[in-house]
Amino acid sequence: MAPDRTPERGAGRERAGQRERTAPRERPAPRTRLDQPLDQPRVRRPRLLPEYDPEAFGRLSERIARFLGTGRFIVWMTVAIITWLIWNVTMPDPLRFDPYPFIFLTLMLSLQASYAAPLILLAQNRQDDRDRVNLEQDRAQNERSIADTEYLTREIAALRMGLGEVATRDWIRSELEDLVRELEERGAAAPRPAAPGRDEGDR
């Protein structure tokens with residue numbers, strides 16, 4: 001009779017379970033950027049440059065560019081330069097902050113030009129973007145208008161074809177007049193029967 005090995009099997013399972021419990025668990029690999037779940041917001045990295053609102057900065061650049069392109073700016077700029085020159089020519093030496101050859105004035109004008117050119121370009125780029133969007137909207141509107149016109153043209157053509165097959169009042173009247181005329185002509189052409197009283201008297 002074969003010996004019962006059931007207890008040995010149970011003991012082996014218990015030893016395996018103890019080894020699994022006592023064995024050190026491996027740490028999961030750190031998640032990379034691609035393994036980050038989509039339901040969690042992405043951690044923003046610190047930025048060295050200050051953040052700003054591009055839309056607000058664009059509106060400011062447009063206002064500055066619009067002011068630079070007006071006659072008021074030219075008048076005020078001319079008055080400021082003339083005042084600068086007169087002050088540094090007529091005033092005593094201790095009060096002249098920019099004597100001839102007016103290096104500081106040249107530096108200020110160069111600084112103004114270096115800032116004005118990018119601001120004007122930014123305003124032009126924003127205007128180009130608006131023009132492009134308006135052009136796309138106009139093109140889409142024209143396409144819809146052309147499609148509507150073609151649809152109405154097809155519908156009108158179908159109505160004309162349908163009306164061509166419908167009997168109008170004038171056509172029915174002309175047909176009835178033709179029938180009446182034809183009946184009258186047939187009645188006039190048919191021979192009339194002789195009266196019976198006249199035939200007996202003749203005999």
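## Aromatic pairs and a helix with a buried face

The structure holds four aromatic pairs; rings of Phe, Tyr and Trp (its six-membered ring) count as a pair if their centres lie within 6.5 Å, with planes under 30 degrees apart called stacked, over 60 edge-to-face and the rest tilted. Keep in mind that this is a predicted model, where local features need pLDDT of at least 70, side-chain atom pairs count only at pLDDT 80 or more, and totals for chains, interfaces and linings use all residues. Residues are numbered from 1 along each chain as its sequence is written, and side-chain values use heavy atoms, with hydrogens and water left out.

Trp84 sits in helix α3 (residues 71-90) and Phe104 in helix α4 (residues 103-164), so their pair ties together parts that are 20 residues apart in sequence. Helices here are DSSP runs (H or I, at least four residues), numbered from the N terminus. Ring pairs also bring in Phe97, making a cluster of Trp84, Phe97 and Phe104.

How open are these rings? Buried means under 20% relative accessible area, exposed over 50%, and partly exposed in between (1.4 Å probe, protein chains only).

| Residue | Relative accessibility | Class |
|---|---|---|
| Phe67 | 37% | partly exposed |
| Phe73 | 17% | buried |
| Trp84 | 18% | buried |
| Phe104 | 37% | partly exposed |

Now for α3 itself. This helix has 20 residues and reaches 28 Å from its first C-alpha to its last, close to the 28 Å expected; the expected span is 1.5 Å times one less than the number of residues. Which residues of α3 are buried? They are Phe73, Trp84 and Asn88. Looking down the axis of α3, its buried residues fall within an arc of 15 degrees, so they line one face of the helix. That arc is taken from the directions from the helix axis to the C-beta atoms. On the face turned away from the buried side, α3 carries the exposed residues Arg72, Ile74, Val75 and Thr90.

Finally, the record. An unreviewed UniProt entry annotates residues 67-87 and 99-122 as "transmembrane region"; such annotations may be inferred rather than shown by experiment, feature names are shortened, and positions follow the numbering used here. In the model, residues 67-87 are 90% helix and 0% strand, with end C-alpha atoms 26 Å apart. For residues 99-122, the chain is 83% helix and 0% strand, and the end C-alpha atoms are 36 Å apart. Strands are DSSP runs too (E, at least two residues).
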